[in-house]
Amino acid sequence: MALGMHNVKSAKGSRSERKRVGRGLGSTGTYSGRGGKGQTARSGVSGLRRLGLKRTILAQPKMRGFTSLERKPEVVNLAALAAHFDGKTEVTIAAMKAACVVR
C-alpha cells in the first residue's frame, strides 16, 4: 500500500477535535459558545454596535492637523492702540479694522 496523506496516522495530541456547539445544555456549558443573553445571543447581530455619527467622526484620527471652525481671538497690545489712536477717539472693532490693527 502506498503511503499518502490520507492514510498517515498523526501523533497523539497533534490534532485537536473541533468544538461541537449547540447540541444541548450539556455540551459545553449553558450557552454553547454563543455568549450571554440579550442582543448578542440573537442571530444576525455583529459584534460591533452602531455608533452615532458624531462619535464616529470624533474617533477618527485627525490627519494633517486639525482646524477648528470657531474664530480665534486676536491679541491687541495697548502700545499698538496708542500708536494708531489718540486719547480722544472711541476704539471700536470697526475703527481697529480701518486702522489695520486687527484683521
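1. In what order do the elements of the chain run from the N terminus on? They go α-α-α, and the count for the chain is 3 helices and 0 strands. Here helices (H or I, at least four residues) and strands (E, at least two) are DSSP runs, numbered from the N terminus.

2. A quick word on ground rules: this is a predicted model, where local features need pLDDT of at least 70 and side-chain atom pairs count only at pLDDT 80 or more, while totals for chains, interfaces and linings use all residues. Residues are numbered from 1 along each chain as its sequence is written, and side-chain values use heavy atoms, with hydrogens and water left out.

3. On confidence, pLDDT is the predictor's own score for each residue, from 0 to 100. The chain has a mean of 77, with 73% of its residues at 70 or more. Among the helices, α3 has the highest confidence, at 91, and α1 (residues 53-59) the lowest, at a mean of 78. Where pLDDT is low, the predicted coordinates should not be read in detail.

4. Have a look at cysteine 100, in the segment after α3 (93-98). Its phi is near 60 degrees, a positive value in a residue other than glycine. Most residues other than glycine have a negative phi. Why does cysteine 100 count as exposed? Because its relative accessibility is 65%.

5. Lastly, contacts (heavy atoms within 4.5 Å). Of those in the chain between residues at least 6 apart in sequence, 12% join residues at least 24 apart.

Key
Buried < 20%, exposed > 50% of the residue type's maximum accessible area, 1.4 Å probe, protein only.
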